[in-house]
Structures are given as C-alpha cells and as structure tokens.
Amino acid sequence: MTLEASLLLASTIFILGITPGPGVLLVISRTVSGGFFAAVWTIAGIVSADLIFLVIVAYGLQVIASILDSAFIFIQTMGAVYLLWLGFTLIKNPSITLAPNNARATAQPPQPFYGLWLTGVLITLSNPKAILFYMSFLPAIIDITALTALDVVIMGVIICVTIGGIMFFYALTVLKAKNTVGASMGHKMTQRIAGSIIVATGLLLLTRAYL
C-alpha cells in the first residue's frame, strides 16, 4: 500500500467522518449523559464496527456482506428503537446517571461498558454512510484484490486513528462545554438535552430505514 493511497484513504475517511451523522450524535449524547467513560466505550464500539466492515471488504467475504445487506433494515430498526427508548428514559428520568461533580448518587448504576460498546457497533453497522463507503467508495480508492495482510493492518490503523480522533475531538469539545456551562444548566437539564439528541438520532435512523 503506497503512501499516496494511505493519505487518500485517511483524507476520505476524515471528510466523511467529520460530517455529523448518527455516530457523532451518539458520541455527543453519551458524553453529555455519561461523561468521558461513556464516550470512550461508545467510540470503541464505533471503531470496532468500522474494522468489521474493513475485514468484510478486504477479504471478499461476499456471503457475510450479503447477510449484512439483507439484515440492514432489521439492524437499523433495532438500533433506532433502542436509542428512542434510551432517549425517552433520560428525558423522563434525568437523574438515572451520576454527573461529574454531582454529589448525589442514584440507585441505578451507570450503563455498563458492553452496553455502550454494543450501541456504538450497532449504530455504525446500520449507518448508510458507513455501508456506502466500505462497499462502494473503498474499493474505488484501494485495489482490494491486491491487498496484503500488512496493507489491511495499515488500513485498520488509519481507520482507528482517523475515526477515533474525530470522535474524541467531539467528545472532548462537549466535555469542555459541559464543564463550562454545566453548573448553570444543572444535571437534569444536561440529561434531558442528551436524551433529546439520542431521540433525534433514533428518529434519523428510522427515517433512513423506511423512507
């Protein structure tokens, strides 16, 4: 894999990734509601799904790609329903998690790391932009038939660094803003904002699945 191809891949992923979509909205909402820990595991799920796409395309697993394509609407619907439930839960019960610097804990523990990770995976696997990129754009940018194992590893690193970097940028920006205005807005208000963002993301996924 040449340096030119690597730079082209990185720049294309950056342009597509920096554009707000379901993944970005999910990271923002989970950062607001759960803090840095929630953001890290959500981002890990998003990156994991991107690596799954890479393996499918790089090794020409047409059967898996076909199954993924046929199950796309189901995955997207399940992801959207989960987000809607989660968002409405935050709006209705805005104190279900413990905000930073909030001395009052609640009886319900924060969402476990595997739930955060799985949410990131499902949202990315059902993201039309990600599917279009890996199934259409990537083969046009890189000669898939000539890839070696080292090339796949290099592409994986590029994806992790680029996508992860973009998502962490959004998360850190939200954390900084939250720490700045959090005291004046209050924990319940930030939770309701996070819930509203999550609901909007769920509605966006449903719209893309059936319209």
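Predicted model: local features only at pLDDT ≥ 70, side-chain atom pairs only at ≥ 80, totals over all residues.
Helix H5 has 13 residues, and from its first C-alpha to its last it reaches 18 Å, close to the 18 Å expected at 1.5 Å a residue. Within H5, the buried residues are Gly 115, Leu 116, Thr 119, Gly 120, Val 121, Ile 123, Thr 124 and Leu 125.

Phe 113 also belongs to H5, which covers residues 113-125. Is Phe 113 buried, exposed or partly exposed? Phe 113 counts as partly exposed because its relative accessible area is 41%, and the range for that class lies between 20% and 50%. Leaving aside neighbours within four places in sequence, Phe 113 is in contact with Phe 37 and Trp 41.

The view can now widen to the whole chain. The chain holds eight helices and zero strands, and from the N terminus on its elements run α-α-α-α-α-α-α-α. Of its 211 residues, 46% are buried. Among the contacts with a separation of 6 or more, 86% are between residues 24 or more positions apart. The chain exposes about 10,700 Å², and carbon and sulfur atoms supply 74% of that area.

Helix H1 comes next in this account. H1 spans residues 3-18, which makes 16 residues, and it reaches 22 Å from first C-alpha to last, close to the 22 Å expected at 1.5 Å a residue. Which residues of H1 are buried? They are Ala 5, Ser 6, Leu 9, Thr 12, Ile 13 and Gly 17. Seen down the axis of H1, these buried residues fall within an arc of 135°, so they line one face of the helix. An α-helix has 3.6 residues a turn, so residues three or four places apart point the same way. On the face of H1 turned away from the buried side are the exposed residues Leu 3, Glu 4, Leu 7 and Ile 15.

Helix H2 covers residues 22-58, and Asp 50 lies in it. Asp 50 is buried because its relative accessible area is 6%, and the buried class takes in values under 20%. With which residues is Asp 50 in contact, leaving aside its neighbours within four places in sequence? The contacts of Asp 50 are Thr 124, Tyr 134, Ile 159 and Ile 163. One of these, Thr 124, is among the buried residues of H5.

Helix H7 runs over residues 149-185 and includes Val 157. At 46% relative accessibility, Val 157 counts as partly exposed. Together with Leu 150, Val 153 and Val 161, Val 157 forms a nonpolar patch on the surface. The accessible area of these residues together is about 390 Å².

Thr 173 is partly exposed, with a relative accessible area of 41%. How far apart in space are Thr 173 and Ile 28, C-alpha to C-alpha? The distance is 9.1 Å, while in sequence Thr 173 and Ile 28 are 145 residues apart.

Notes. Residues numbered from 1 in each chain as written. Heavy atoms only, no water. Patch = residues over 30% accessible without salt bridge, like charges linked within 9 Å, V, L, I, M, F, W, Y side chains within 5 Å. Areas by Shrake-Rupley, 256 points an atom, 1.4 Å probe, with all protein chains shown as cover. Salt bridge = Lys/Arg side-chain N within 4 Å of Asp/Glu carboxyl O. Helix = DSSP H or I, 4+ residues; strand = E, 2+ residues; numbered from the N terminus. Buried < 20%, exposed > 50% of the residue type's maximum accessible area, 1.4 Å probe, protein only. Contact = heavy atoms within 4.5 Å. Expected span 1.5 Å × (residues − 1). Arc of directions from axis to C-beta.
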